[in-house]
Amino acid sequence: MTDHSTCQSCSQRFNSVFCKAKDEFVNQINEQKICNVYKRGQILFNEGSYPFGVYCINNGKVKLSHLGDDGKEQIIRLLKAGDVLGYRALLSGDRYSASAVALEDTQICFIPKELFVNVLKLDPGLAFEMMKLLSDELHRAEIKLTHLAQKPIRERLAETLLFIKETYGFEEDGITLNVRLSREEIANLVGTATESAIRLLSEFKKDGMVELDGKKIKILKQKELIRAANLQD
């Protein structure tokens, strides 16, 4: 299934790294991009493979995950509409250090490597936005490393639930997280065993902070969850 929407009319253009790209280069990208719909669970690219371009999420949700030495998945990032992925490996000439998998039916536009690199060389505005994106990614990685080393699992789980809320928001009811993640996926985000995540989620439910319904998670007391995460409101 292919999406024929244009980059110029894309609802995510000004939410993405392309917000300051010159119109002439946006036109070039629009002419050469390839857009497809990936079903839930479908792989965009595999860890260890070489990049042939970058992916821009038009609509939907994607997870980036890395396999540890023990074969266990570690979710590195959650991505949403407007996000670009695959750029770090492309710019560094490395293989992908993670796999990208659709968390739900997701519209993706693929921009070929040669085109993307040429546009970066010619468009200072886009190049600067890419530098900001790489800097933000490094900053997030540094914070996560610090929290993994210093924060108890309970605080990290509370923070992860708040992070999911900041990334994907709520459904129309204003309390249900707008994404379906398994307990194992939540544990991978936290950096703990699935059993520990299940036990702590049950504690959060007992404390009235969340409500659990299969993969649906409702945040009932956000201020208490912020305190549990040891964050400032």
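First, some ground rules. This is a predicted model, where local features need pLDDT of at least 70, side-chain atom pairs count only at pLDDT 80 or more, and totals for chains, interfaces and linings use all residues. Residues are numbered from 1 along each chain as its sequence is written, and side-chain values use heavy atoms, with hydrogens and water left out. When I say helix or strand, I mean a DSSP run (H or I, at least four residues, for helices; E, at least two, for strands), numbered from the N terminus.

Let's start with the sheet. Four strands form an open sheet in the order β2-β7-β4-β5, with antiparallel pairing; to count as paired, two strands need at least two DSSP bridges between them. At the edges sit β2 (43-45) and β5 (73-79), each pairing on one side only. From one strand to the next, the twist averages 30 degrees. β2 is joined by two bridges to strand β7 (residues 99-102), and I43 stands opposite V101 in β7.

Now back to α5. This helix, residues 153-168, packs on the sheet and touches β4 (62-67) and β5, where contact means heavy atoms within 4.5 Å. The direction of α5 makes about 35 degrees with that of β5; such angles run from 0 to 180 degrees between N-to-C directions, and axes are lines fitted to C-alpha atoms, for helices over the stretch in contact. Twelve of the 16 residues of α5 are buried, meaning under 20% relative accessible area, while exposed is over 50% and partly exposed lies in between (1.4 Å probe, protein chains only). Among the buried ones are L157, L161 and Y168.

Next, a pair of helices. Helix α6 (residues 183-190) packs against helix α7 (residues 194-206) at an angle of about 100 degrees, with the axes 8 Å apart. That makes the two roughly perpendicular, a label for 65 to 115 degrees; under 35 is roughly parallel, over 145 roughly antiparallel, and the rest oblique. R183, E184, I186 and A187 of α6 meet T194, A197, I198 and L201 of α7.

Last stop: L122, in helix α3 (residues 113-122). L122 is exposed, with a relative accessible area of 54%. L122 and K22 are 100 residues apart in sequence, and their C-alpha atoms are 9.7 Å apart in space.
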